[in-house]
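Hi everyone, thanks for making time for this. Let me put the structure up on the screen, and then we'll walk through it together.

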Amino acid sequence: VQLQASGGGLVQPGGSLRLSCAASGSAFSIVHMGWYRQAPGKQRELVASIISAGSTNYADSVKGRFTISRDNAKNTVFLQMNSLKPEDTAVYYCNARRRLDVLYSWPGFWGQGTLVTVSS
């Protein structure tokens, strides 16, 4: 599985960005996709995730502002980020996990990361 993330950039506080992550390879086997972020000096944290059935999960810090969605036909996951804050500044990574990855708690596959900077 290969993941290609895009959509990061510089945005002012209160603005919006949409991240995309396209999966290729054995994408048919993916059952769980998520977005993580890592700010300078901090650990990588889960931002949002979605399973193939459509259920979603969000970090408390982004609930009500971010929305994760998935286009199964295109093997692509999106992260719509609204009302962005300076503390959302980070490198955002997409992650994909197959059924075995979930079953055995393996890390799955990672995209290359895309930088989101929220600053005036």
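Before going on, a word on what you're looking at. This is a predicted model, so local features need pLDDT of at least 70 and side-chain atom pairs count only at pLDDT 80 or more, while totals for chains, interfaces and linings use all residues. Residues are numbered from 1 along each chain as its sequence is written, and side-chain values use heavy atoms, with hydrogens and water left out.

Back to Tyr-36. Which ring does Tyr-36 pair with? The partner is Trp-110: the ring centres are 5.0 Å apart and the planes stand at 65°, so we call the pair edge-to-face. The rule covers rings of Phe, Tyr and Trp (for Trp, its six-membered ring): they pair if their centres lie within 6.5 Å, and planes under 30 degrees apart are stacked, over 60 edge-to-face, and the rest tilted. This pair ties together distant parts of the chain, since Tyr-36 is in strand S4 and Trp-110 in strand S10, 74 residues apart.

Trp-110 is partly exposed, at 34% relative accessibility. Trp-110 also has Arg-44 lying over its face, 4.6 Å from the ring centre. The test there is that NZ of Lys or CZ of Arg is within 6 Å of the ring centre and within 35 degrees of the ring normal. Another case is Arg-18, whose charged end sits over the ring of Phe-78, 4.0 Å from the centre.

In total there are two aromatic pairs in the structure. The other one is Tyr-104 with Trp-106, and that one is stacked: 5.2 Å from centre to centre, with 25° between the planes. Where is Trp-106? Look in the loop between helix H1 (99-103) and strand S10 (109-110). Trp-106 is partly exposed, with 40% relative accessible area. Leaving out residues up to four places away in sequence, Trp-106 touches Arg-97, Arg-98, Leu-100 and Asp-101, where a contact is heavy atoms within 4.5 Å.

That loop between H1 and S10 also holds Ser-105. Ser-105 has a positive phi of about 60° although it is not a glycine, and it is exposed, at 59% relative accessible area. Ser-83 has a positive phi too, about 50°, and is not a glycine either. You'll find Ser-83 in the loop between strand S8 (76-81) and S9, partly exposed at 40%.

Now let's follow strand S4, residues 30-38. Eight of its nine residues are buried. S4 pairs with strand S9 (residues 90-98) in the antiparallel sense over eight bridges; pairing needs at least two bridges found by DSSP. In that pairing, Ile-30 stands opposite Arg-98. S4 is also joined to strand S5 (residues 45-51), again antiparallel, by six bridges, and here Trp-35 faces Ala-48. S4 and S5 make a hairpin with six residues between them, and Gly-41 in the turn has a positive phi of about 80°.

Next, a sheet. Four strands form an open one in the order S1-S3-S8-S7, with antiparallel pairing. Strands S1 (2-6) and S7 (66-71) stand at the edges with a single partner strand each, so one side of each has no neighbour in the sheet. Five bridges join S1 to strand S3 (residues 17-24), and Ala-5 has Cys-21 as its bridge partner in S3.

And Cys-21 brings us to the last stop. How many disulfides does the structure hold? One: Cys-21 with Cys-94, their sulfur atoms 2.1 Å apart, where the cut-off is a pair of cysteine sulfur atoms within 2.5 Å. The torsion about the S-S bond of Cys-21 and Cys-94 is about 55°, so the disulfide is right-handed. It links distant parts of the chain, with Cys-21 in strand S3 and Cys-94 in strand S9, 73 residues apart. Both Cys-21 and Cys-94 are buried.

Terms used. Helices (H or I, at least four residues) and strands (E, at least two) are DSSP runs, numbered from the N terminus. Buried means under 20% relative accessible area, exposed over 50%, partly exposed in between (1.4 Å probe, protein chains only).
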